[in-house]
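Student: Can we go through this one together? I'd like to start with the ligand.

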Amino acid sequence: MNIPEPPPATLRLRIDADALADNWRTLDRLSGQARAGAAVKADGYGLGIDTVMPTLLGAGARQFFVAHWSEVPGVLEHTSGAKIAVLHGVSSAQDAAFARACGVLPVINSLHQARIWHESGGGPCHLMVDSGMNRLGLEPGKLGDPAIGALQVHTLLSHLASADEDSDQNPAQLAIFRQAVSQVSARELSLANSAGIALGADYHFDLTRPGLALYGGVPREELATSIRQVVSVEAAVLQVRDLQAGDLVGYNAIYRAPRPMRVATISIGYADGILRSWGEGGALQHGESTLPIIGRISMDMIIVDCGQSDVREGDFCLLSYDLPQASQISGLSQYELLTNLGQRFDRSG
Ligand SMILES: *Cc1c(COP(=O)(O)O)cnc(C)c1O
(Lines give C-alpha, C1' and ligand atoms only; values in the text may rest on other atoms or scores of the structure.)
Protein backbone atom coordinates (compact mmCIF):
# COMPACT_ATOMS: atom_id res chain seq x y z
CA MET A 1 0.00 0.00 0.00
CA ASN A 2 1.06 3.53 -0.71
CA ILE A 3 0.92 5.09 2.74
CA PRO A 4 0.06 8.78 2.64
CA GLU A 5 1.94 11.36 4.74
CA PRO A 6 0.26 11.62 8.14
CA PRO A 7 -1.25 15.01 8.97
CA PRO A 8 0.67 17.41 11.23
CA ALA A 9 0.99 16.17 14.81
CA THR A 10 -1.06 17.65 17.64
CA LEU A 11 2.15 18.30 19.53
CA ARG A 12 5.14 20.32 18.49
CA LEU A 13 8.65 20.76 19.73
CA ARG A 14 9.93 24.15 18.69
CA ILE A 15 13.69 24.26 18.56
CA ASP A 16 15.30 27.67 18.35
CA ALA A 17 18.33 26.99 16.15
CA ASP A 18 19.67 30.51 16.67
CA ALA A 19 19.61 30.03 20.44
CA LEU A 20 21.34 26.65 20.10
CA ALA A 21 24.07 28.16 17.90
CA ASP A 22 24.41 31.13 20.25
CA ASN A 23 24.73 28.81 23.25
CA TRP A 24 27.54 26.88 21.58
CA ARG A 25 29.37 30.12 20.71
CA THR A 26 28.85 31.40 24.27
CA LEU A 27 30.23 28.20 25.79
CA ASP A 28 33.13 28.23 23.35
CA ARG A 29 33.93 31.81 24.36
CA LEU A 30 33.56 30.99 28.08
CA SER A 31 35.99 28.10 27.50
CA GLY A 32 38.76 30.69 27.02
CA GLN A 33 41.84 29.17 25.41
CA ALA A 34 40.07 25.82 25.02
CA ARG A 35 37.72 24.90 22.17
CA ALA A 36 34.23 23.71 22.97
CA GLY A 37 33.07 20.37 21.63
CA ALA A 38 29.49 19.18 21.94
CA ALA A 39 27.84 16.25 23.70
CA VAL A 40 25.14 15.03 21.31
CA LYS A 41 24.37 11.68 22.96
CA ALA A 42 20.79 10.53 23.52
CA ASP A 43 19.65 11.96 20.18
CA GLY A 44 21.06 15.39 20.89
CA TYR A 45 19.63 15.36 24.43
CA GLY A 46 16.22 14.51 23.01
CA LEU A 47 16.05 17.37 20.48
CA GLY A 48 16.84 15.18 17.46
CA ILE A 49 20.31 14.57 16.09
CA ASP A 50 19.35 15.77 12.59
CA THR A 51 18.16 19.04 14.08
CA VAL A 52 21.11 19.77 16.33
CA MET A 53 24.06 18.61 14.19
CA PRO A 54 23.77 21.08 11.29
CA THR A 55 23.30 23.94 13.75
CA LEU A 56 26.25 22.96 15.94
CA LEU A 57 28.48 22.47 12.88
CA GLY A 58 27.35 25.81 11.50
CA ALA A 59 28.23 27.48 14.80
CA GLY A 60 31.73 25.96 14.67
CA ALA A 61 31.67 22.77 16.78
CA ARG A 62 34.19 20.19 15.55
CA GLN A 63 34.27 17.44 18.19
CA PHE A 64 31.18 15.45 19.12
CA PHE A 65 30.53 13.01 21.95
CA VAL A 66 28.03 10.15 21.98
CA ALA A 67 27.63 7.36 24.53
CA HIS A 68 26.73 4.33 22.37
CA TRP A 69 27.98 2.85 19.11
CA SER A 70 24.35 2.79 17.93
CA GLU A 71 24.44 6.59 18.01
CA VAL A 72 27.36 6.83 15.56
CA PRO A 73 25.50 6.37 12.23
CA GLY A 74 23.18 9.30 12.98
CA VAL A 75 26.15 11.59 13.63
CA LEU A 76 28.12 10.28 10.65
CA GLU A 77 25.34 11.58 8.40
CA HIS A 78 26.66 15.02 9.32
CA THR A 79 30.39 14.78 9.97
CA SER A 80 33.42 12.52 9.66
CA GLY A 81 34.24 9.69 12.07
CA ALA A 82 37.42 11.36 13.30
CA LYS A 83 35.30 14.05 14.93
CA ILE A 84 33.16 11.59 16.89
CA ALA A 85 34.14 10.08 20.24
CA VAL A 86 32.20 7.21 21.81
CA LEU A 87 32.23 7.64 25.58
CA HIS A 88 31.32 4.08 26.55
CA GLY A 89 34.37 2.76 24.71
CA VAL A 90 34.94 -0.71 23.28
CA SER A 91 33.41 -3.61 25.20
CA SER A 92 33.88 -6.21 22.46
CA ALA A 93 35.78 -7.00 19.27
CA GLN A 94 32.64 -6.02 17.34
CA ASP A 95 32.73 -2.56 18.91
CA ALA A 96 36.39 -2.16 17.92
CA ALA A 97 35.75 -3.39 14.36
CA PHE A 98 32.86 -0.95 14.01
CA ALA A 99 35.01 1.92 15.32
CA ARG A 100 37.66 1.15 12.70
CA ALA A 101 35.16 0.78 9.89
CA CYS A 102 33.72 4.22 10.73
CA GLY A 103 36.99 5.96 11.62
CA VAL A 104 35.53 6.82 15.03
CA LEU A 105 37.78 7.07 18.09
CA PRO A 106 36.67 5.14 21.18
CA VAL A 107 37.17 6.49 24.67
CA ILE A 108 39.09 3.75 26.48
CA ASN A 109 37.84 3.39 30.05
CA SER A 110 39.56 0.31 31.51
CA LEU A 111 42.45 -2.10 31.05
CA HIS A 112 39.99 -4.58 29.51
CA GLN A 113 38.97 -1.97 26.93
CA ALA A 114 42.61 -1.09 26.25
CA ARG A 115 43.37 -4.75 25.49
CA ILE A 116 40.37 -5.06 23.19
CA TRP A 117 41.59 -1.99 21.32
CA HIS A 118 45.15 -3.36 21.03
CA GLU A 119 43.89 -6.78 19.87
CA SER A 120 41.83 -5.12 17.14
CA GLY A 121 44.95 -3.36 15.85
CA GLY A 122 45.36 -0.33 18.15
CA GLY A 123 45.86 3.17 16.78
CA PRO A 124 44.56 6.54 17.97
CA CYS A 125 41.95 6.55 20.73
CA HIS A 126 40.92 8.68 23.67
CA LEU A 127 41.45 7.76 27.32
CA MET A 128 39.11 8.52 30.24
CA VAL A 129 40.70 8.54 33.65
CA ASP A 130 38.50 8.48 36.73
CA SER A 131 39.26 11.39 39.04
CA GLY A 132 36.91 10.49 41.85
CA MET A 133 33.43 9.95 40.42
CA ASN A 134 33.88 6.17 40.33
CA ARG A 135 31.53 5.75 37.40
CA LEU A 136 33.40 5.20 34.14
CA GLY A 137 37.10 5.63 33.54
CA LEU A 138 40.44 4.06 34.35
CA GLU A 139 41.50 4.09 38.00
CA PRO A 140 44.54 6.44 38.29
CA GLY A 141 46.54 3.64 39.94
CA LYS A 142 46.39 1.69 36.67
CA LEU A 143 47.82 4.44 34.45
CA GLY A 144 51.25 2.81 34.62
CA ASP A 145 50.04 -0.45 33.10
CA PRO A 146 51.81 -1.37 29.84
CA ALA A 147 48.43 -1.73 28.10
CA ILE A 148 47.84 1.97 28.80
CA GLY A 149 51.41 3.00 28.00
CA ALA A 150 51.00 1.43 24.55
CA LEU A 151 47.87 3.43 23.68
CA GLN A 152 48.10 6.30 21.20
CA VAL A 153 46.06 8.73 23.27
CA HIS A 154 44.63 11.62 21.33
CA THR A 155 42.63 13.21 24.17
CA LEU A 156 42.99 12.42 27.86
CA LEU A 157 39.65 13.03 29.56
CA SER A 158 38.13 13.02 32.98
CA HIS A 159 34.63 13.93 34.14
CA LEU A 160 33.49 16.16 37.02
CA ALA A 161 30.87 14.75 39.39
CA SER A 162 29.75 17.94 41.16
CA ALA A 163 30.60 20.83 38.86
CA ASP A 164 27.07 22.18 39.31
CA GLU A 165 27.85 22.77 43.00
CA ASP A 166 30.51 24.72 44.90
CA SER A 167 31.97 21.47 46.14
CA ASP A 168 35.43 20.57 47.42
CA GLN A 169 35.19 17.67 45.03
CA ASN A 170 35.89 20.03 42.09
CA PRO A 171 39.43 21.08 43.08
CA ALA A 172 40.06 17.54 44.34
CA GLN A 173 39.18 16.10 40.92
CA LEU A 174 41.23 18.80 39.21
CA ALA A 175 44.28 17.82 41.25
CA ILE A 176 43.85 14.12 40.44
CA PHE A 177 43.42 14.94 36.75
CA ARG A 178 46.60 17.03 36.76
CA GLN A 179 48.46 14.12 38.30
CA ALA A 180 47.13 11.81 35.57
CA VAL A 181 48.17 14.34 32.92
CA SER A 182 51.77 14.04 34.11
CA GLN A 183 51.68 10.26 33.63
CA VAL A 184 50.13 9.99 30.16
CA SER A 185 51.32 11.38 26.91
CA ALA A 186 48.28 12.81 25.17
CA ARG A 187 47.85 15.40 22.45
CA GLU A 188 44.92 17.10 24.16
CA LEU A 189 43.29 17.33 27.58
CA SER A 190 39.62 17.65 28.44
CA LEU A 191 37.85 17.91 31.79
CA ALA A 192 34.89 20.30 31.82
CA ASN A 193 31.24 19.66 31.02
CA SER A 194 28.78 22.59 30.83
CA ALA A 195 28.98 23.37 34.54
CA GLY A 196 32.75 22.82 34.56
CA ILE A 197 33.17 25.60 31.99
CA ALA A 198 31.77 28.04 34.57
CA LEU A 199 34.35 26.90 37.15
CA GLY A 200 37.00 28.95 35.38
CA ALA A 201 40.17 28.71 33.34
CA ASP A 202 41.85 26.07 35.54
CA TYR A 203 39.23 23.59 34.39
CA HIS A 204 39.33 24.33 30.65
CA PHE A 205 42.51 22.63 29.34
CA ASP A 206 42.28 22.14 25.51
CA LEU A 207 38.73 20.97 24.90
CA THR A 208 35.48 21.40 26.84
CA ARG A 209 32.49 19.08 26.50
CA PRO A 210 29.24 21.01 27.01
CA GLY A 211 25.95 19.20 26.64
CA LEU A 212 23.11 20.45 28.83
CA ALA A 213 23.84 24.18 28.46
CA LEU A 214 23.88 23.93 24.65
CA TYR A 215 20.23 22.93 24.81
CA GLY A 216 19.21 25.67 27.25
CA GLY A 217 20.05 24.03 30.58
CA VAL A 218 21.50 26.19 33.34
CA PRO A 219 23.57 24.01 35.68
CA ARG A 220 25.20 26.96 37.47
CA GLU A 221 23.98 30.46 38.23
CA GLU A 222 26.97 32.00 36.36
CA LEU A 223 25.44 30.73 33.10
CA ALA A 224 21.90 31.98 33.79
CA THR A 225 22.20 35.28 31.92
CA SER A 226 24.17 34.02 28.92
CA ILE A 227 22.41 30.74 28.08
CA ARG A 228 19.26 31.04 25.95
CA GLN A 229 16.21 28.82 26.04
CA VAL A 230 16.20 26.45 23.04
CA VAL A 231 13.12 24.24 23.42
CA SER A 232 9.42 25.06 23.70
CA VAL A 233 6.59 22.55 23.79
CA GLU A 234 3.15 23.09 22.28
CA ALA A 235 0.17 20.74 22.31
CA ALA A 236 -3.34 20.94 20.87
CA VAL A 237 -6.64 20.98 22.72
CA LEU A 238 -8.57 17.80 21.88
CA GLN A 239 -11.77 18.53 23.78
CA VAL A 240 -13.35 21.19 25.97
CA ARG A 241 -16.15 20.40 28.44
CA ASP A 242 -18.13 21.92 31.30
CA LEU A 243 -18.09 20.28 34.72
CA GLN A 244 -20.52 20.49 37.62
CA ALA A 245 -19.30 20.88 41.19
CA GLY A 246 -18.34 17.41 42.42
CA ASP A 247 -17.47 15.92 39.01
CA LEU A 248 -14.37 13.73 39.02
CA VAL A 249 -11.44 14.20 36.66
CA GLY A 250 -9.00 11.70 35.17
CA TYR A 251 -7.57 8.35 36.26
CA ASN A 252 -8.27 7.41 39.86
CA ALA A 253 -10.37 10.54 40.30
CA ILE A 254 -7.70 12.41 42.22
CA TYR A 255 -9.36 15.74 41.31
CA ARG A 256 -12.95 16.69 42.17
CA ALA A 257 -14.37 19.91 40.69
CA PRO A 258 -14.93 22.32 43.60
CA ARG A 259 -17.36 24.41 41.52
CA PRO A 260 -18.77 24.49 38.00
CA MET A 261 -15.79 24.90 35.67
CA ARG A 262 -14.57 24.44 32.09
CA VAL A 263 -11.77 22.03 31.48
CA ALA A 264 -9.76 21.12 28.37
CA THR A 265 -8.05 17.90 27.41
CA ILE A 266 -4.66 18.47 25.80
CA SER A 267 -2.82 16.12 23.49
CA ILE A 268 0.33 15.48 25.51
CA GLY A 269 1.16 13.00 28.26
CA TYR A 270 3.78 10.95 29.96
CA ALA A 271 4.58 9.01 26.78
CA ASP A 272 5.78 12.34 25.40
CA GLY A 273 7.96 12.99 28.43
CA ILE A 274 5.53 15.00 30.52
CA LEU A 275 5.75 12.76 33.55
CA ARG A 276 3.12 12.61 36.30
CA SER A 277 5.19 14.81 38.58
CA TRP A 278 4.24 17.76 36.35
CA GLY A 279 0.70 17.43 37.72
CA GLU A 280 1.58 19.03 41.03
CA GLY A 281 1.84 22.70 40.13
CA GLY A 282 2.32 22.51 36.37
CA ALA A 283 0.32 24.66 33.97
CA LEU A 284 -0.03 25.39 30.27
CA GLN A 285 -0.42 28.81 28.66
CA HIS A 286 -3.11 29.85 26.19
CA GLY A 287 -2.41 33.38 25.09
CA GLU A 288 -2.28 35.34 28.33
CA SER A 289 -4.17 32.71 30.32
CA THR A 290 -2.58 30.15 32.62
CA LEU A 291 -4.30 26.75 32.57
CA PRO A 292 -3.34 24.70 35.65
CA ILE A 293 -3.00 20.95 35.19
CA ILE A 294 -5.68 19.07 37.17
CA GLY A 295 -6.02 15.35 37.87
CA ARG A 296 -3.57 12.70 36.94
CA ILE A 297 -1.49 12.98 33.79
CA SER A 298 -2.34 10.17 31.33
CA MET A 299 -0.10 8.53 28.76
CA ASP A 300 -1.33 10.74 25.91
CA MET A 301 -3.35 13.48 27.58
CA ILE A 302 -3.40 16.18 30.22
CA ILE A 303 -6.52 17.87 31.61
CA VAL A 304 -6.35 21.56 32.47
CA ASP A 305 -8.60 24.07 34.19
CA CYS A 306 -9.58 26.61 31.51
CA GLY A 307 -10.50 29.32 34.02
CA GLN A 308 -11.81 32.34 32.08
CA SER A 309 -9.82 31.50 28.95
CA ASP A 310 -11.61 31.27 25.60
CA VAL A 311 -9.65 28.13 24.63
CA ARG A 312 -11.23 26.07 21.82
CA GLU A 313 -10.75 22.59 20.44
CA GLY A 314 -7.84 22.63 18.00
CA ASP A 315 -6.03 25.54 19.67
CA PHE A 316 -2.41 24.97 20.65
CA CYS A 317 -1.28 25.61 24.21
CA LEU A 318 2.26 26.25 25.36
CA LEU A 319 4.01 24.26 28.05
CA SER A 320 6.87 26.45 29.20
CA TYR A 321 10.11 24.57 28.84
CA ASP A 322 12.36 27.11 30.50
CA LEU A 323 14.52 24.35 31.95
CA PRO A 324 15.45 25.73 35.39
CA GLN A 325 11.83 26.72 35.98
CA ALA A 326 10.40 23.49 34.54
CA SER A 327 12.78 21.57 36.78
CA GLN A 328 11.43 23.40 39.85
CA ILE A 329 7.84 22.67 38.87
CA SER A 330 8.23 19.04 37.84
CA GLY A 331 10.92 17.91 40.26
CA LEU A 332 12.76 16.44 37.26
CA SER A 333 16.36 17.33 36.49
CA GLN A 334 17.00 19.56 33.49
CA TYR A 335 18.66 16.53 31.86
CA GLU A 336 15.58 14.37 32.41
CA LEU A 337 13.33 17.10 31.02
CA LEU A 338 15.27 17.05 27.74
CA THR A 339 16.03 13.37 27.31
CA ASN A 340 12.47 12.24 28.15
CA LEU A 341 10.97 14.18 25.24
CA GLY A 342 9.17 11.58 23.14
CA GLN A 343 9.10 10.69 19.47
CA ARG A 344 5.63 11.99 18.60
CA PHE A 345 6.44 15.68 18.35
CA ASP A 346 6.71 17.54 15.09
CA ARG A 347 10.21 18.92 15.52
CA SER A 348 10.68 22.19 13.75
CA GLY A 349 12.14 25.65 14.07
C1 LIG B 1 27.26 13.84 29.05
C2 LIG B 1 28.67 14.15 29.24
C3 LIG B 1 29.13 15.47 29.09
C4 LIG B 1 28.22 16.65 28.94
O5 LIG B 1 27.78 17.02 30.23
P6 LIG B 1 26.76 18.22 30.50
O7 LIG B 1 26.62 18.24 31.98
O8 LIG B 1 25.49 17.83 29.83
O9 LIG B 1 27.33 19.45 29.94
C10 LIG B 1 30.49 15.67 29.13
N11 LIG B 1 31.36 14.65 29.35
C12 LIG B 1 30.94 13.39 29.55
C13 LIG B 1 31.93 12.32 29.80
C14 LIG B 1 29.58 13.09 29.52
O15 LIG B 1 29.17 11.85 29.74
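Student: Which polar backbone atom is 2.8 Å from an oxygen atom of the ligand?
Tutor: One belonging to Leu 212; a polar contact here is a pair of N or O atoms within 3.5 Å. This is a predicted model, where local features need pLDDT of at least 70, side-chain atom pairs count only at pLDDT 80 or more, and totals for chains, interfaces and linings use all residues. Residues are numbered from 1 along each chain as its sequence is written, and side-chain values use heavy atoms, leaving out hydrogens and water.

Student: What about Asn 193?
Tutor: Asn 193 has a polar side-chain atom 3.2 Å from an oxygen atom of the ligand.

Student: How much of the ligand's accessible area does the protein cover?
Tutor: 93% of the 390 Å² that the ligand has on its own, by the Shrake-Rupley method with a 1.4 Å probe.

Student: New topic: how do β8 and β9 run?
Tutor: Parallel: β8 (residues 152-157) and β9 (residues 186-190) are joined by four bridges. Strands are DSSP runs of E, at least two residues, and helices are runs of H or I, at least four; two strands pair if DSSP finds at least two bridges between them.

Student: Which residue in β9 is the bridge partner of Leu 156?
Tutor: Leu 189.

Methods: A polar contact is a pair of N or O atoms within 3.5 Å; within protein, one must be able to donate a hydrogen and the other to accept it, and residues adjacent in sequence count only if both atoms are side-chain atoms.
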